[in-house]
Amino acid sequence: MQKNLIALAVTLATFGTSAAEQSPAPIPAATVQTPAVATTAPAPATQTPTVAEAPAAQVTAAAPVAMTAQEEKQTFGQQSSDTVKQSKTPSQQVKDDIKEYVKEINATLLERGRSHMVKVVSGTATVAVTKDNPMWSHYRANAVRQAIAKARESHLSKLNIDIRNEVINELFNDAGAPKPSPEDFKTEKGMAGILTKLAALIESKLDAELIEAGIDPKLFANSTPTQKQQLMHKMFAEKTVTTAFGDISGMFVIRTFEAFKDDGTGTVGVVMAQSANKRDKIKTLVQSHGQVKADPRMANPDFANIPAALASVDAPYLEAGTQLAYDDKGYPIIISYGQAGVQYTDDADMMEVQLEAAASEAESNAMANLAQSYNMSGDFSREVTKKTEQGRELVHSLASNNTVSTVDPGVVHSIRNILDQSSKMTSSVSGLNGLQTVNHWEMRHPVTGHTMVGVALVWHPIQERQSIALQSGKSAAELDAAQQKSAAQQNAAPQKVTSKKSSSRFDPDF
């Protein structure tokens, strides 16, 4: 545990300090799968790289608190379809794993003095259908999105809170109420009498229509007249209305969990971290139009070939959300993951259509994840009402013209809990260039055998510059010359920097 805490301390420091923003290659959020037996072994993922592979550069990361990709994988665990263990209660398994993981992270943040910079939250969602349902993978993909939304909601509900509370306490008691006489059933005054006459009028018209239809109105005769008499009523109610709103940008999925039974039912969970440092970096990169210099200190050799690095992930369906990383030259890159389900069908033509549609949906999901990390705000509302009642009510019935029968059920207790909760979160990003689908995969879930589809979109500053240049209308020669000039500037040796400073004029009594 001590080793894990030390390793976590090193890695999580990157959320709170920009000097060590090392985000190595696909750090699969280690997910706990819990099916007893995987019904179908995962098929090899079909990868479709679309970005040119860059040659690896021998660059040594110099950040003193950064971890290598291998060290981080050893610390957090490699997400793999082989990490399967027995679980009879998927929901409890996932929640226990999340609780333990969050406990370690918070302890490390507190030890490193970064708890004020990073907020850790979690969310879970269930997959209630069995693997016999042809839409199973759709339900699972939706559960991943729902878990992420719940994690964000749990954070949103604590921002800019307004609380309104009402407490009501009522007591009524009638100890000397007289029993109604037969005459009370025959004489009614005021509105009660009017309603009785109106009911009688409607009843006579209905009787006439029933007779026309050949139906005996006696079959629908009124039941025995009754009156209710309240002797005691005691009620206590409390209503709490909570509203909240705020900015929830900069939230990143740092680990994913899932647990499934053999029948396909199970639970998916995520742990997310909101980092002010990473949020600011994402905003700066998106607004930079690609004008970003490489930082050799942050270079990550694992991303020398970005498509190959993303294609090597053992269980890509466990990747979700957005990741900030660096390539082998130290350029910052944004990776956004998306996935979608595929409805099962044994029709080959229809399956091709389903796969094509799922790929588009996965790409849309990846873009949504990027927008949510970049710029997202929300509103939250919750109304909780708890009401307890005690009452005693007599029911009097006119048994005959001269007899009144009474039923006393005694004191009746009741309790009612009402929860009305909702949240609305919106995000957007505009004018973004340089985003490409670097990895496309198709594979079967190891427990149910249902097909899943996913993509990884990557934003790279060089790709954005090239995209903007292509849209500028410049000739091929001009574009090539600009590219060579840019490469020469990046490869040039750093110039000597000379700095001076004046004497200090600081006065302790200033």
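Author: Trp441 has Gly454 as its bridge partner in strand E12. Start from that pair and widen the view. Strand E11 covers residues 435-444, and strand E12 covers residues 451-459. The two strands pair in the antiparallel sense. Nine bridges join them. Together E11 and E12 make a hairpin, with six residues between the strands. Look at the turn. Gly449 sits there, and its phi is positive, at about 80 degrees. Keep in mind that this is a predicted model.

Now turn to the charges. The count of salt bridges in the model is six. Three of them follow.

Take Glu258 and Arg140. These two form a salt bridge, and their closest N and O atoms are 3.0 Å apart. The pair links distant parts of the chain, 118 residues apart. Glu258 belongs to strand E4 (residues 251-260), while Arg140 belongs to helix H4 (residues 136-156). Are these two residues buried or exposed? Both Glu258 and Arg140 are buried.

Next come Arg392 and Asp408. Their salt bridge has its closest N and O atoms 2.5 Å apart. How accessible is each partner? Arg392 counts as partly exposed because its relative accessibility is 32%. Asp408 is also partly exposed, at 39%.

Arg297 is partly exposed, with 44% relative accessibility. Asp295 has a relative accessible area of 22%, so Asp295 counts as partly exposed.

Finally, consider charges gathered on the surface. Which residues form the patch of negative charge? Asp346, Asp347, Asp349, Glu352 and Glu356 gather there. Pick out Glu352. This residue has its place in helix H9, which runs over residues 348-374. Why does Glu352 count as exposed? Its relative accessible area is 53%, and exposed means over 50%.

Find Trp441, then its bridge partner Gly454 in E12. From there, follow the chain back to Gly449 in the turn.

Note on methods: Residues are numbered from 1 along each chain as its sequence is written. This is a predicted model: local features need pLDDT of at least 70, side-chain atom pairs count only at pLDDT 80 or more; totals for chains, interfaces and linings use all residues. Side-chain values use heavy atoms; hydrogens and water are left out. Patches are made of residues with over 30% relative accessible area and no salt bridge: like charges are joined within 9 Å, nonpolar side chains (Val, Leu, Ile, Met, Phe, Trp, Tyr) within 5 Å. Accessible areas come from the Shrake-Rupley method with a 1.4 Å probe; for residues, only the protein chains shown count as cover. A salt bridge is a side-chain nitrogen of Lys or Arg within 4 Å of a carboxyl oxygen of Asp or Glu. Lys and Arg count as positive and Asp and Glu as negative; His and the chain ends are not counted. The place of a charge is taken as NZ of Lys, CZ of Arg, CG of Asp or CD of Glu. Helices (H or I, at least four residues) and strands (E, at least two) are DSSP runs, numbered from the N terminus. Buried means under 20% relative accessible area, exposed over 50%, partly exposed in between (1.4 Å probe, protein chains only). Two strands pair if DSSP finds at least two bridges between them.
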